[in-house]
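I opened this model to look up how its chains meet and what surrounds an annotated position. My entries follow the structure.

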Amino acid sequence: MKVKVKRWHGVAVWRWDVPNEEVCGICRVPFDGCCPTCKTPGDDCSLIWGECTHVFHMHCLLRWLQTEGSRGQCPMDRRTWGIKFIIY
Amino acid sequence: MIKIWSIKKDNSAAEKKKPKVSAAQIRVQKDLTELALPDTMQMSFPDEADLLNFNLSITPDEGFYRGGVFRFTFNINNNYPHDPPKVRCSQKIYHPNIDLEGNVCLNILREDWKPVLNLNSVLVGLQYLFLEPNADDPLNKDAAEDLRTNRKNFEYNVKQSMRGKDVKGINFDNVLM
């Protein structure tokens, strides 16, 4: 049987490189979704990793760090927050 | 061919028309669905449409405060979970960690709050205050002193106060069922 491809659609799937079914500890929305202030997941709402290995939506974490009570600490372990990396 | 960028634009236009549900409301909704309320706690919502303001009653089944019904109001602001819920006891009770105005001294409601905590953590914390009042971190210094120096006397004072009697010249609310 000979098949001639006349047309094709490319389809791609993306997801953040985090363990399956994990949610942001601050907003409790999955990492593959976006933080509550954003409308679309992806480049506009990226994730941030701390030196302590904890991950959050970047917007969620920045808002926490701006809160007086945060004292610049990770919301999980209360160690001083240091950025390991941000994915854009 | 689906134009993905125009979908994004249409969606965001549609979102703007809807009444805005705040991030705090979304998060509280999630907290409530995950809540495992024990028999000793009951929640009520005076305004069904308002998830951010509600009442909680605790009926301890053991400890000094067994037999009482203790009522609290929860007010959650729009900065939740970055700000902790504001919790007050709506009765005047004799407790080392709750003052006569109803302010509650619980670390996770103050300096140890962090946004990864949820309503369940707060409820468990409150329940714990009635099982194990803590004399080391007092808001009612008299009650704390009694608990530290004379547990029998403290227990007697708790029972008196719960019946709506005076303790050391201060009248307390009757909290018995």
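Below are my notes on the interface, and then on the annotated residue.

Entry 1, ground rules. This is a predicted model, in which local features need pLDDT of at least 70 and side-chain atom pairs count only at pLDDT 80 or more, whereas totals for chains, interfaces and linings use all residues. Residues are numbered from 1 along each chain as its sequence is written, chains are lettered from A in the order in which they are written, and side-chain values use heavy atoms, with hydrogens and water left out.

Entry 2, the interface. I looked up the contact (heavy atoms within 4.5 Å) and found 18 residues from chain A and 19 residues from chain B. Chain A and chain B bury about 1700 Å² between them, 53% of it on carbon and sulfur atoms; buried area is the accessible area (1.4 Å probe) that two parts lose on being put together, summed over both. On the chain A side, A:R28, A:K39 and A:R63 lose the most area to chain B, and together they make up 33% of what that side buries.

I then checked for salt bridges across this interface (a side-chain nitrogen of Lys or Arg within 4 Å of a carboxyl oxygen of Asp or Glu), and the rule finds zero.

B:C105 is buried, with a relative accessible area of 12% (buried means under 20%, with a 1.4 Å probe and protein chains only). Leaving aside neighbours within four places in sequence, I find B:C105 in contact with B:N97, B:R110, B:L129, B:D137 and B:L139.

Note on methods. Buried < 20%, exposed > 50% of the residue type's maximum accessible area, 1.4 Å probe, protein only.
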